[in-house]
Structures are given as structure tokens and as C-alpha cells.
Amino acid sequence: MLLSVKRIHENMHASTSLSENYVQLKGSLVPMTVMELFQFDSAKIESSLAQIISQAPGFFEGAPIIIALEKVADEDIVIDFAKLLESCAALRIKPVAVRGGTLIQQLAAKKSGLAVVPSNKGRQDPKTVPIEPFANESATQEAPATKPVLEEVSSPQESPDIAPKAEPEQMEESPQEAEMVTTKIIYQPVRSGQQVYARGGDLIILAAVSPGAEILADGNIHVYGPLRGRALAGVRGNTEARIFCQSLEAELVSIAGQYKISEDLQKSGWKSSSQVCLIDDKLTITPLSK
Amino acid sequence: MAKIIVVTSGKGGVGKTTTSASIATGLAKRGKKTVVIDFDVGLRNLDLIMNCERRVVYDFVNVINGEATLTQALIKDKHVDNLYILAASQTRDKDALTKEGVEGILNKLAETYDFIICDSPAGIEHGAQMALHFADEAIVVTNPEVSSVRDSDRILGILQSKSRRAELGMDPVGEHLLLTRYNPERVLKGEMLAVEDVKEILAIKLLGVIPDSQSVLNASNQGVPVILDENSDAGQAYSDAVDRLLGEDKEHRFLDIQKKGFFKRMFGG
């Protein structure tokens, strides 16, 4: 098996010091998939959702999902949450809450048993990072357009620590726990036919990625050897994910579904240290060293 | 404790059986008690290369099924002492190989032998997986061309994920690259990958480079492992590879174009 390093976090002291208590509520950051609605048509949503999920069957199976309503074009539209939940159940994803939307929409969501989480604003805009692309940039090929966008974000569910007897030792640990993101580190070459997926985090490869190998991550991908296989970052829709590599010789690179194949990559940064990211929704290759 | 070495490649026709025969013969010549097993059930060839096809009574599958004992099935080599051959069955298919059956035989052989060489069939399916499953070391036979290199890469991945060592989380299987059919002239013309290119792609230790040579074909047809042809470049290259396998540090030969002298040109080399 491939070597992987995962930091496993266990709340060891809980069993001893809190043995008389039965329950504790703590704030925690959990990565969640967000389904952004643009318009509401239950049949069309179900078909485009099915299409997205069919691209990565298994990734979304049983996944808790937040329905984001910020981008719904028509604010007064009535969303039939019962119907939406039915569609989701059929596709085996599990909406747990809504985000944003009007008060009426939120009320309707609550009636259908969904929670309401606060809208998150002020996320860093990737466009503000100054990056000079390679001179001869070739056109990006776009993945088939899809209506609802599944986006991977950290959904902050910040609630104050309301443990009955919060000990100082625990208070210190809570924020650390919140920042914990799993990073997968691979020390050995990823060979043809092998697939490595870093679920919910970054992937670091300290060796070569052979042609015919596939590396995937929900977050960023770093390759400290020649990248000759396929690399897909932000596979659950994180458009801020990037790929960094020492020698770009990939068969395919992709970020959040947008991809370029080897033929297009030859024109920019081939066999040099590069980063791949989305700028203005366009897959861009930029040199790492100058 | 016996060392189990699989000779594998993914791709067919790259020289696995030739290599198995020569490496096994080389080890036996150096005084190591060696047995070579043909895992290519249904397409057995090793007996031909080792010239013992007329002495096969019982085979590997017979032993697995308990129809014969190991002693009955092991064929003593005629060329060197210390070497035994376990032929494959020609009438069965690879499903006849069971993990338990193979393991039982390997365990029994490990009691008396120093080296067990497993000649793998081509492909990555059941037969090849059985051959590599119990390996401590692997000799990956590769031709200097892209498809062979990619298949080798694939088999290296399988060694890392499906071998017993990988499944039990033991030290990984030792990987050795053996480049066969190497022709420096064609490398120079750009018709073949250079040693360095292959090493760079596969990123494993180079065990040896066997030059493309008529002597290999002659040896196969005569049923004498080419390593016994001490005058041939291929025979010497295999001999070096065996020394390296035993831990000796030897410089690689036959990587450059051999200039033919006057006499060689006149009388052939």
C-alpha cells in the first residue's frame, strides 16, 4: 500500500476528566460541500446534480451538504425544499442546512427540517493575487457547464464552548482542533495505474508521478518530482485550489473541473516548475521561479 | 532463510524467462542452492530454455493439488549443480494457482534453498500476481522502449500494493531494473530509449543492462542459459547482474558502441 501520513486527532483526556459528564458542546470547523442554487426548477436541478455526481460517483455518497441561496437570481422565488430533499435523497446526498436566502426561504427550509447557517462573506478573492501568466496562454477547456455548483468550503459553525466545567487545558486545545486539516504525504513514486486521493485536504507527493497515474485532492496538490500523470486539485469544486510542481509534464491538470491536457500544456511551462490555478475562472499556468 | 525473487515485467516478450534461467543458473554456479519456478501456467517455456522439457513428469500444479510431492516434481538441472526447476503445467490455466497452494510450496522450498526464482507470466492478472505476491525482491525486466517502460511502471505499482510485504506493512519489495535488448547504436540514432532515460522514469536501482545479441537467441534455441556462454557479451552482462544481486559493486558494461577490430570485422564477432 502507499504510505500515507494522516494526523489522527483524538480527544484523549475526555474519557478521564469528564467521566461524570455525558455530553459536551464544542465549536469546530468541518469541511462541507456547498450546493449553490442559481435558479429553482426541481427537475432541472435533479438532472444537473445527477450529472455532476456521475462524474465522481462515491465522492458525494452520503455527504452532508449545505444549500447556498446567495446566488439565486430571483429573490422572490418559492423553493420547494421537500421536493429538493427528495431529489437529494434519490442521489444519496444529505442536505443538512441552508445558507443565505430570504427570511421566507429560510423559514421554508426550517419547516423541511433544515438548519440555517450564517452566510459567510469576505472570503479572499483569488483575483487580488498578482500573477503574471505565461506569454502564450492557450485557451482553457471548460468542463461541461453545470447548473448547481458543488463547492468545497469550510463551514464555520462557531459556537462558544459551553462545556459545563471547561478546564483551561481544554480551552487551549479547541482552536487547534478547529484548524486541523488532513494532509496526505506520499513518499514513493505514484506509478502508472495507481490513484491517490487526498479527501478533504492537500496532497503532497515527494516523488515522481508516472504517466498513467492519477492524483486527486480536495485541496492543493504539491509534487516535488516530475509530474507526468494526471493531477486534479479541488475535485469537489474548490476553485481556490492550486497545483504546484517541480516539472510540469502532466497528461492532464485540472482545478475544480476545468482542465488542460498535455497537448495544450506543451505551450506554457512544459518541464519547468509551475503552478496551476484559476484566474478569472480560467485555468492559468504560471512559472514558479523567476 | 531463502530469498524469493520474482522476475516480472508486465509486458510480454521482453526476456523474463531468459532472465530467470540465466539468473538462476548464475546463482547456482556461485554455490547458492537455487530453484526456479515457472509461473506461466498454460504457456510454459522455462523448460525449453533450460533444456529439460523431456524430463517433465510432474509440474507445479500437480504439487499444489497434492497429486505429486515436491521431490517428484523438481527437475535437477544438467548444466550446473545446486539448481532445480519446477515446470509449469501446460494443460491447465492460471486459476489453478491458489495463494495458499503457492505459499505452501514456497514455504517448503524455503527450508532447503537459498534462492527461489519465480518466472512470472506477462500481464498483471492472477498469474502475475501470484508470482509476485510472496517476493522479497523483484527483477523488473524492461526493454528500452516506451510501452515496456510504462508496463514496468505499472507492475512496480502492483508490487507496492499487492505483494505480501505491502499487505503486511513489512519493508517493501526490493526493486531491480534489468534492461534487456539494449542496442547502443539504435540509442544513438534515437530509435531506443537510453539507460538514463529509463532509470529516470522508473526511479529504481539498475541491476544490469543486457545488450541486444545474437547469442541470446542461439542460447535459447539450444536450451542453454546464455549466462553459460562466457564469451558472449550478453552472458557476461548477466554474470555481472548476478554479482550485483549478491551485493557486489560492479561497473556497468556494454553501454557504448563496441568498436569492431580488424580481425572481428574479417572473421565476425
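Visitor: How many residue pairs are in polar contact between chain A and chain B?

Guide: The count is 6 residue pairs, with both residues at pLDDT 80 or more. A polar contact is a pair of N or O atoms within 3.5 Å; within protein, one must be able to donate a hydrogen and the other to accept it, and residues adjacent in sequence count only if both atoms are side-chain atoms. This is a predicted model, where local features need pLDDT of at least 70 and side-chain atom pairs pLDDT 80 or more, while totals for chains, interfaces and linings use all residues. Residues are numbered from 1 along each chain as its sequence is written, chains are lettered from A and ligands numbered from 1 in the order written, and side-chain values use heavy atoms, without hydrogens and water.

Visitor: What does the predictor say about the complex?

Guide: The predictor gives an ipTM of 0.77 and a pTM of 0.65. Chain B has a mean pLDDT of 93; pLDDT is the predictor's confidence in each residue, from 0 to 100.

Visitor: Why is the pair Arg150(B) and Glu251(A) called a salt bridge?

Guide: The rule asks for a side-chain nitrogen of Lys or Arg within 4 Å of a carboxyl oxygen of Asp or Glu. Here N to O is 3.8 Å. The pair therefore meets the rule. Across the interface of chain A and chain B, the rule finds 3 salt bridges.

Visitor: How much area do the two chains bury between them?

Guide: About 1,100 Å², with 38% of it on carbon and sulfur atoms. Buried area is the accessible area (1.4 Å probe) that two parts lose on being put together, summed over both. The contact (heavy atoms within 4.5 Å) takes 12 residues from chain A and 15 residues from chain B.

Visitor: What makes Thr102(A) partly exposed?

Guide: Buried means under 20% relative accessible area, exposed over 50%, and partly exposed in between (1.4 Å probe, protein chains only). Thr102(A) stands at 22%, so it counts as partly exposed. In space, Thr102(A) and Leu69(A) are 8.3 Å apart, C-alpha to C-alpha, though 33 residues apart in sequence.
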